[in-house]
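Here is a short report on one protein chain. Keep the sequence and the 3D view open while reading.

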Amino acid sequence: RNTEWVRTTMRTPGILIFGMVMAPCGWILSLVTTVAPNWRTLHGVTGVPVDRVYEQGIFDVCIAATSTERQNCAVTDTAYNSNNIIEISQGLMLASLIVNLVGIAFAIPGVRCWKDQPRWGLCTVGGILIFCAGVLTLIPVSWYTHILKDISTDFVRTDTRAGYCLVLGFIGGIFEVLGGIVMSIGCCRCCGGRNRGERPIEDVLGPRSQPKREPRRVEVPSLSRPRSSAASSYPASNRESVDDDMDVSFPRAKSPGARSGANNPSFTGRPYDADL
């Protein structure tokens, strides 16, 4: 038997709130990872002062001084830019940003915070796209981290360190993956409908096992006094005497004429004869 489900509140389900918070946060972190030139840093570069550090990203290379906040970008590094991972990372990071925005665009009309019932189909599509955006972010970040010291460059250095962009990329990708998975859980009803904030209609209206109470029957005593069979078997003359006895037993039931006759002993109950 198909169970009917209802929502008892207009609050947006928690899985949709979680997804709509994690997706924009992941997108911002992925954007910073893409544009910031700090995927790795080169220390102890030959021919430059000791306090100078080269910061390399996927779109730009900068040189900065550790003692000041001064930074010069647009540094030419032909060997670094010719690595295959740089071109692939550029494409994947841009694709991640675009796919995440498309997923959020699908999720917004699906969540419908102003309505009591979300559109779970749109939410599921948006969650899948946000999940894919997270995967597109994690692939280049993980690959770059794995071959961090093997990426060629024009500068001879003594030390190579991971930059903060890799940390932000991992965090942003994980945010997007988690947000997409949680939002996609709404495609099916599980955990007794709690993932969608729904409950069976039987639980809302009352338990099915409780039997219906029948209305209580109240017996009203009859006011009419049944005539006994012994009285009905008497002859007519005897029946009149029984009726007289009943009138004596129930004085309130007597007629006004009978009541006046009882007060006047000379009254015989016979009709008045004018000839007498």
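The report goes from the overall chain to the sheet, then to selected contacts and surface sites.

## Overall picture

The model is predicted. The protein chain has 276 residues, and 32% of them count as buried. Its secondary structure comes to nine helices and seven strands.

The accessible surface is about 17900 Å². Carbon and sulfur atoms hold 59% of that area. Among contacts with a separation of 6 or more, 67% are between residues 24 or more positions apart.

## The five-stranded sheet

Five strands form an open sheet with antiparallel pairing. The order is β5-β4-β3-β2-β6. The edges are β5 (71-72) and β6 (159-162). Each edge strand has a single partner, so one of its sides is left without a neighbour in the sheet. Strands of a sheet pair through backbone hydrogen bonds, in a parallel or an antiparallel way.

Strand β3 covers residues 52-56, and strand β4 covers residues 61-65. The two pair in the antiparallel sense over five bridges. A hairpin of four residues joins β3 to β4. R52 stands opposite A65 of β4, while E55 has C62 as its bridge partner. On its other pairing, β4 runs antiparallel to β5, with two bridges between them. There, I63 stands opposite N72 of β5.

How much of β4 is buried? Five of its five residues are, so the strand is largely enclosed by the rest of the structure. In a regular strand, side chains alternate between the two faces of the sheet. In β4, V61, I63 and A65 point one way. C62 and A64 point the other way. All of these residues are buried.

## An aromatic link

The structure holds two aromatic pairs. In one of them, the rings of W39 and Y144 have their centres 5.1 Å apart. Their planes lie at 70°, so the pair is edge-to-face. The pair links distant parts of the chain, 105 residues apart. W39 sits in the loop between α1 (14-35) and β2 (40-43), and Y144 sits in helix α4. Both W39 and Y144 are buried.

## A single salt bridge

How many salt bridges does a search of the whole structure find? It finds one. The side chains of D159 and R161 meet there, at 2.7 Å from N to O. Side chains of opposite charge can pair when their charged atoms come close.

D159 has a relative accessible area of 25%, so it counts as partly exposed. R161 is also partly exposed, at 44% relative accessibility.

## Loop between α4 and β6

K149 lies in the loop between α4 and β6. At 59% relative accessibility, K149 counts as exposed. The cut-off for exposed is over 50%. Beyond its neighbours within four places in sequence, K149 is in contact with R40, R157 and T160. The C-alpha atoms of K149 and D159 are separated by 9.0 Å, and the two residues are 10 apart along the chain.

D154 is placed in the loop between α4 and β6 too. Its relative accessible area is 44%, so D154 is partly exposed. Leaving out residues up to four places away in sequence, D154 touches D77, T78 and A79. D154 and T78 are 76 residues apart along the chain, yet their C-alpha atoms are separated by 6.9 Å.

## Surface sites

F131, V135, I139, I181 and I185 form a nonpolar patch on the surface. Together they have about 360 Å² of accessible area. Helix α4 (residues 120-146) supplies the largest share of the patch, three residues. I139 is found in this helix. At 43% relative accessibility, I139 is partly exposed.

A74 is a backbone detail to check. Most residues other than glycine have a negative phi. A74 is not a glycine, but its phi is positive, at about 60°. A74 lies in the loop between β5 and α2 (78-81). At 64% relative accessibility, A74 counts as exposed.

Notes: Residues are numbered from 1 along each chain as its sequence is written. This is a predicted model: local features need pLDDT of at least 70, side-chain atom pairs count only at pLDDT 80 or more; totals for chains, interfaces and linings use all residues. Side-chain values use heavy atoms; hydrogens and water are left out. Two strands pair if DSSP finds at least two bridges between them. Patches are made of residues with over 30% relative accessible area and no salt bridge: like charges are joined within 9 Å, nonpolar side chains (Val, Leu, Ile, Met, Phe, Trp, Tyr) within 5 Å. Accessible areas come from the Shrake-Rupley method with a 1.4 Å probe; for residues, only the protein chains shown count as cover. A salt bridge is a side-chain nitrogen of Lys or Arg within 4 Å of a carboxyl oxygen of Asp or Glu. Buried means under 20% relative accessible area, exposed over 50%, partly exposed in between (1.4 Å probe, protein chains only). Contact means heavy atoms within 4.5 Å. Rings of Phe, Tyr and Trp (its six-membered ring) pair if their centres lie within 6.5 Å; planes under 30 degrees apart count as stacked, over 60 as edge-to-face and the rest as tilted.
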